[in-house]
Amino acid sequence: MSMTVTPAAPRAGFLARRRRSYRLFIAPALVVIGAVIVFPWLFTLWMSVFDWKIGSAAHFVGLENYETLLVNRRFIEAVVHTFYFTALAVVVPLLLGTAAAMIFHREFPFRGVLRGVFIMPMMATPVAVALVWTMMFHPQQGVLNYLLSLVGLPPSLWVYSPTLVIPSLVMVEVWHWTPLVMLIVLGGLAALPTEPYESARLDGATEWQLFRFITLPLVAPFLVVAAVIRTIDALKTFDTIYVITGGGPGTASETINLYLYLQAFAFYNIGTASAVVVVFFVIVLALALLLLHVREKTKWS
Amino acid sequence: MADRDDHNESGPQRRRLLQAGLGAAALGVIPGAGQLAASAQAAFDWKRFKGEKIEVFLNKSPRGDLLTRFHKEFEDMTGIGVGSEMIPEQQQRQKAVIEFNSGNTSFDVIALSYHVQKRMFGKNKWMEDVRPLMADKSITDPNLDFADFSKGGMAWATQPDGRIDSLPFNIDPWVIYYNKELFDAKGVAYPKSFAEIIDAAAKLNDPAKGISGFVARGLKNANVPAWTSFLLGCGGGFVDATNGRLMTDNAAAVESAKIYQTLLSKYGPQGVAGYNWNEAQSLFLQGKAAMWLDGIGFAQPLEDPAKSRIVGKVGYGVMPPGPKAQVSAMFGDGEGISSFSKKKGPSWLYLQWASNKANQFRMLQAAAGAPVRNSAYIAAQTSTDIKAPRQWIECMLTSARIAQPGLPIIVPVTEFRDIFGIALTNMINGADAATELRKATAEFQPILDKSEKA
């Protein structure tokens with residue numbers, strides 16, 4: 001005991017010194033994180049308990065902003081629209097992206113070129129994409145209705161109809177982001193071992209069985225990653241919706257982000273807008289936790 | 001490069017204009033016209049702020065383009081440098097509010113839209129009262145001719161407490177553009193009442209040929225003035241001045257909303273609920289709509305053969321009388337000096353220049369908007385150098401006389417437009433007009449009350 005205590009004392013001092021000197025190196029990162037993440041966050045929380053419109057004085061109102069939000073029909077509709085949009089904009093690209101990855105995983109002529117072509121939408125700027133789709137959706141002059149007329153279908157109102165607007169917007173998202181899912185899944189497929197397939201084939205498994213019982217479980221972790229990325233993207237979608245419909249017709253495609261933008265930058269209601277941000281943050285956090293949980297589960301299986 | 005091109009372009013035009021102005025002055029038609037040419041020699045010292053520099057904050061519009069094109073003229077005349085920033089309307093408004101609110105502005109002069117910003121700017125006293133400047137003979141050009149500004153324009157520029165914190169620049173009365181060819185083909189005359197508008201729309205509507213009887217903005221927010229054009233004619237209004245209550249769900253409001261609803265949902269194009277002015281314009285340009293209700297500033301594209309299929313066939317109609325009154329709903333723009341500016345003298349010179357007779361006439365000439373100076377119209381009647389059709393100028397003159405603000409003069413205008421815009425869009429999609437207006441009024445009343453209390 002005594003043998004170890006004597007040398008330990010200076011050693012402990014040395015460690016403490018070392019720890020101190022390391023702490024200093026963290027400081028810049030801490031300052032940056034504090035300034036650009038923690039402070040704005042706390043400031044948003046602080047603003048959300050004030051009734052504050054730019055151009056007039058701020059009054060402390062406690063949780064009133066939150067209370068009014070929770071009974072605000074328009075806000076609740078915006079939450080519903082957000083979930084509806086997100087669900088479609090995650091699931092459809094996942095299905096199509098996986099299918100595309102399966103196709104592009106096979107050997108066929110010009111595969112490289114076609115893969116390149118397939119991922120081209122991803123490289124386009126969202127606002128430009130949105131503007132082009134706006135023209136295509138136009139009920140009189142748009143190319144989509146022209147295409148429908150070619151196959152003898154009646155014209156559709158697309159984004160000009162309150163019921164079709166969200167599915168139509170999802171079409172844009174699907175076109176734009178399916179390639180991303182395809183890329184991720186393709187990466188997963190490339191890493192798969194070939195042995196299970198060979199032995200399954202020997203046992204007489206069909207193509208569907210191969211996919212269902214071997215491929216799918218093995219690429220599941222990749223699908224979850226794709227789902228996480230897509231969910232984050234879909235939740236925060238703003239540019240596409242803002243440019244194409246501005247939340248309309250009426251409020252039929254108004255998502256939380258659009259509502260937030262209106263409150264903050266059109267109505268200048270800083271207090272309400274901050275409360276919306278906080279609620280939105282809670283929703284994102286809850287979804288992220290849910291997806292992480294799913295991810296853990298897929299790892300275990 | 002772009003700058004140089006602009007100047008090359010502006011050179012001959014300016015000379016032509018000065019000639020026109022001088023010609024008119026020689027005939028004694030416009031008192032004080034040709035002021036630009038004359039003022040340099042007059043007693044008034046335009047050069048007193050020589051060497052200073054001011055920042056001007058404009059929004060992207062034909063008016064903003066016009067002023068920017070002639071800034072060199074102001075610089076030559078005064079020796080004051082002009083730095084100008086011109087960005088799209090919505091961003092310009094946001095930036096202005098944020099800068100004013102911070103208590104320090106990067107600009108000295110700002111262009112504002114009265115129908116959106118007047119009350120907010122006025123309540124916060126963000127712009128300098130120009131009356132003391134106007135009274136100071138040493139910095140006010142004797143040729144300013146304040147009486148020349150139209151009553152409608154001055155009503156826009158004057159705040160409820162009497163302060164005049166800007167000079168008006170243009171007004172934008174709403175009119176009905178109509179396709180004469182379509183009207184003639186069916187032997188329909190230009191309507192003389194609201195009921196006749198509906199009749200005409202019904203007769204001219206021909207979905208089989210893809211022709212709509214009537215088109216106007218259906219997109220939320222943008223659509224509100226299209227409704228108020230009817231609201232004012234039905235004898236309705238926005239806010240009861242005696243008690244601050246909204247009048248937007250009374251009988252006149254419902255009657256006018258039903259007219260709007262009928263015209264757009266029955267005789268409008270498919271998907272009109274998503275139409276802003278540009279969609280409506282492109283439909284009308286292609287000869288696919290018989291009537292189009294919007295602001296007067298669209299003559300230029302309609303008469304441009306490169307864009308329009310109906311050049312020479314466009315009729316410019318004054319808003320017909322409603323059951324109670326004949327009113328043209330109107331927007332307006334002006335320019336004011338930031339209260340935080342340290343260069344109020346040079347800025348005041350800029351304001352006088354921007355709203356002078358020559359620039360006002362140029363605006364008419366370029367069909368960039370409706371001037372607020374009466375002299376511009378008088379000059380237009382004798383000028384041979386105006387491309388815009390005569391009927392357009394006459395329509396503008398008549399409309400300006402019956403014009404009233406097309407939006408309430410309140411701080412939360414954007415919320416008003418948003419909430420009532422949604423109600424109108426819902427009506428186009430089949431909702432009941434009275435119910436929607438009641439809902440919107442109930443939703444907006446507390447917002448209005450709060451803004452007036454603050």
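Author: In chain B, 29 Å separates the C-alpha centres of domain 1 and domain 2. The model is a predicted one, in which local features need pLDDT of at least 70, side-chain atom pairs count only at pLDDT 80 or more, and totals for chains, interfaces and linings use all residues. Residues are numbered from 1 along each chain as its sequence is written, while chains are lettered from A and ligands numbered from 1 in the order in which they are written.

Reader: Which residues make up domain 1 and domain 2 of chain B?

Author: Domain 1 of chain B takes 2-171 + 331-404, and domain 2 takes 173-329 + 405-453. These bounds come from an automatic or database domain assignment. For chain A, the assignment gives domain 1 as 2-47 and domain 2 as 64-300, with C-alpha centres 41 Å apart.

Reader: How many residues of domain 1 of chain B are in contact with domain 2 of chain B?

Author: There are 24 residues of domain 1 of chain B in contact with 26 residues of domain 2 of chain B; contact requires C-beta atoms, placed from the backbone, within 7 Å. On the domain 1 side, the elements giving two or more residues are α6 (114-123), α18 (390-401) and β9 (403-405) of chain B. α18(B) gives the most to that side, with seven residues. Helices and strands here are DSSP runs numbered from the N terminus (H or I, at least four residues, for helices; E, at least two, for strands).

Reader: How is the domain 1 side of that contact in chain B divided by residue class?

Author: The domain 1 side has 15 nonpolar, six polar and three charged residues. Ala, Val, Leu, Ile, Met, Phe, Trp, Tyr, Cys and Pro count as nonpolar, Asp, Glu, Lys and Arg as charged, and the others, Gly among them, as polar.

Reader: What makes α19(B) roughly antiparallel to α20(B)?

Author: The axes of α19(B) (residues 413-428) and α20(B) (residues 433-453) cross at roughly 165° and come within 9 Å. Axes are lines fitted to C-alpha atoms, for helices over the stretch in contact, and angles run from 0 to 180 degrees between N-to-C directions. Angles under 35 degrees count as roughly parallel, over 145 as roughly antiparallel, 65 to 115 as roughly perpendicular and the rest as oblique. The angle of roughly 165° is over 145, so α19(B) is roughly antiparallel to α20(B).

Reader: Which residues of α19(B) and α20(B) meet?

Author: From α19(B) they include Phe416(B), Ile419(B), Phe420(B) and Ala423(B), and from α20(B) they include Leu437(B), Ala440(B), Phe444(B) and Ile447(B). The contact has ten nonpolar, one polar and four charged residues.

Reader: How do you know whether Phe194(B) is buried or exposed?

Author: A residue is buried if 20 or more other C-beta atoms lie within 10 Å of its own, exposed if 12 or fewer, and partly exposed in between. Phe194(B) has 21, so Phe194(B) is buried. Phe194(B) lies in α10 (residues 194-204) of chain B. Leaving out residues up to four places away in sequence, Phe194(B) touches Phe230(B), Gly233(B), Ile259(B), Pro320(B), Gly322(B) and Pro323(B). The C-alpha atoms of Phe194(B) and Gly322(B) are separated by 5.5 Å, although the two are 128 residues apart along the chain.

Reader: Why is Phe110(A) called exposed?

Author: Phe110(A) has 9 other C-beta atoms within 10 Å, which is within the 12 or fewer of the exposed class. Phe110(A) sits in the loop between α3 (73-105) and α4 (111-118) of chain A. Its phi is near 60°, a positive value in a residue other than glycine.

Reader: Is Tyr268(A) buried or exposed?

Author: Tyr268(A) is buried, because 23 other C-beta atoms lie within 10 Å. Tyr268(A) is placed in the loop between α12 (256-266) and α13 (270-300) of chain A. Tyr268(A) has a positive phi of about 60° although it is not a glycine.

Note on methods:
Contact = placed C-beta atoms within 7 Å.
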